[in-house]
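These are my notebook entries on one structure. I set down what I looked up, entry by entry.

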Amino acid sequence: MDKDSQKLQQLQRILLLYQLVKTKPEMSSKALQKELGIGKSTYNRDREFMKKLGVSFEYDKAKKRQDLTKDAFLPIPDLSLDERLAIILALSQLGELQESFLAKHARAAAAKLMAGQEKSFCDVCKALLEQDLAHKGHPRQERIVPDLLNATINRRRIRISYCKPGQPAEDYEVEPYQVFVVDGFLYLDGYCIERKEIRCFKVCRIRSVRDLGLTFSNLREYDFARRRTNVFGIYASDQEPEHVKVWFAAEIAPFIREESRHASQKLTENSDGSLLFEVDVAEPEEVLWWALRWGGNFEIIEPQWLRDEAIKTIRKMAQRYKKQ
């Protein structure tokens, strides 16, 4: 065999060894040698050659797995078990997005993260990632979201066609700042040129995205965390937060205690087992919409205008049922 053929054979063997260490770390050194069809001396020479390329690994007898200590080609993040599980759980939740086509990308990322992990870890995560998607999403979003993300990352001004339910589509020129998720939907924060203010757009309502060929750098002091400090649900506002009090009946109180809805929330226990929920938010109507899910087991205490709004809503509901 000539030298070129030997070098090619060695390169192929080293690439296979690298792949096995990454994807099947439970294989012992003897098992690797058997899989590659080489002896111990050749195996050790290959490992020394890989060190020169920036890849080092040792078999950890305690863990019963190969420990890849250095990888110049794909650095391994130093993640704890809790951190790894948290990432997999977060990726699995993408299946709950209305734009659930993102789930296939999440699962691909999860598969890469799980490569080389312990079998027990992979078995647990497999169930999380193989569950049926809650939503099938809309094919249009497969085109829209990548364009939005690209424009947001590269600070590119775009023109969007935006259509609210029951209304004709409108065109807006937008400088996109941030894409985020609330209650399973994707949203976009961006500066609207026509409105001359930062607006929030629901991504599933965007019909088309066109790059205008302009780059922007002025973020107008946009701060995502600060903007959402006083947000209870979706809508961000620059107005001062308002104090809201809601009473919840004793039978519902345990469920309210389980939820952490806002950083400012305060819970006060009453002697009869009922609960007083207090929060400071910029859009109090969202508190009412949330409380309505508990049927007749809540009461808006203050502010008075929100209490009046609750009364109006409940009367409208009652009137509708009288027609039956």
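**Entry 1**

I began with arginine 220, which I located in the loop between β7 and α8 (224–227). Helices (H or I, at least four residues) and strands (E, at least two) are DSSP runs, numbered from the N terminus. The model is predicted: local features need pLDDT of at least 70, side-chain atom pairs count only at pLDDT 80 or more, and totals for chains, interfaces and linings use all residues. Residues are numbered from 1 along each chain as its sequence is written, and side-chain values use heavy atoms, with hydrogens and water left out.

For arginine 220 I noted a phi near 50 degrees, a positive value in a residue other than glycine. Arginine 220 counts as partly exposed, at 31% relative accessibility. I use buried for under 20% relative accessible area, exposed for over 50%, and partly exposed for what lies in between (1.4 Å probe, protein chains only).

I then turned to lysine 64, in the loop between β1 (55–60) and β2 (65–71). Phi of lysine 64 is near 55 degrees, again positive in a residue other than glycine. Is lysine 64 buried or exposed? Lysine 64 is exposed, with a relative accessible area of 60%.

**Entry 2: isoleucine 38**

Isoleucine 38 sits in the loop between α2 (29–36) and α3 (40–52). Its relative accessible area is 16%, so isoleucine 38 is buried. Leaving aside neighbours within four places in sequence, I found isoleucine 38 in contact (heavy atoms within 4.5 Å) with Arg13, Gln33, Tyr43 and Asp46. Arginine 13 is 25 residues from isoleucine 38 in sequence, and their C-alpha atoms are 9.4 Å apart.

**Entry 3: helices α4 and α6**

Two packed helices are described by the angle between their axes and the distance between the axes. The axes of α4 (residues 81–92) and α6 (residues 119–129) come within 9 Å and cross at roughly 20 degrees. Axes are lines fitted to C-alpha atoms, for helices over the stretch in contact, and angles run from 0 to 180 degrees between N-to-C directions. I therefore recorded α4 and α6 as roughly parallel to each other; angles under 35 degrees count as roughly parallel, over 145 as roughly antiparallel, 65 to 115 as roughly perpendicular and the rest as oblique. Which residues of α4 meet α6? Leu81, Arg84, Leu85, Ile88, Leu89 and Ser92 in α4 meet Phe121, Cys125, Leu128 and Leu129 in α6.

**Entry 4: the sheet of 5 strands**

I traced an open sheet of 5 strands in the order β6-β5-β4-β3-β7, with antiparallel pairing. Two strands pair if DSSP finds at least two bridges between them. β6 (197–202) and β7 (206–215) stand at the edges with a single partner strand each, so one side of each has no neighbour in the sheet. Neighbouring strands here are turned by 45 degrees against each other on average, direction ignored.

β5 (residues 185–192) pairs with β6 in the antiparallel sense over 6 bridges. Within this pairing, cysteine 200 in β6 is the bridge partner of aspartate 189. Helix α7 (residues 141–154) packs on the sheet and touches β3 (156–162), β4 (170–182), β5 and β7; its direction makes about 25 degrees with that of β7.

UniProt lists residues 145–210 as "domain: WYL" in an unreviewed entry; its positions are given in the numbering used here, feature names are shortened, and annotations may be inferred rather than shown by experiment. Over residues 145–210 I found 15% helix and 59% strand, with the end C-alpha atoms 12 Å apart.

**Entry 5: the sheet of 4 strands**

In what order do the strands of the other open sheet run? The order of its 4 strands is β9-β10-β8-β11, with antiparallel pairing. The edge strands are β9 (266–269) and β11 (298–302), each pairing on one side only. Neighbouring strands of this sheet are turned by 25 degrees against each other on average, direction ignored.

β10 (residues 275–281) is joined to β9 by 4 bridges, and β8 pairs with β10 over 7 bridges. Glutamate 278 in β10 stands opposite lysine 266 and is also the bridge partner of lysine 245. Of the 7 residues of β10, 6 are buried. In the hairpin of β9 and β10, with 5 residues between the strands, glycine 273 takes a positive phi near 95 degrees.

Finally, I noted a cis peptide bond between glutamate 302 and proline 303, with omega about 5 degrees. Proline 303 lies in the loop between β11 and α11. Helix α11 (residues 304–322) lies across β8 (242–248) and β11, at about 150 degrees to β11.
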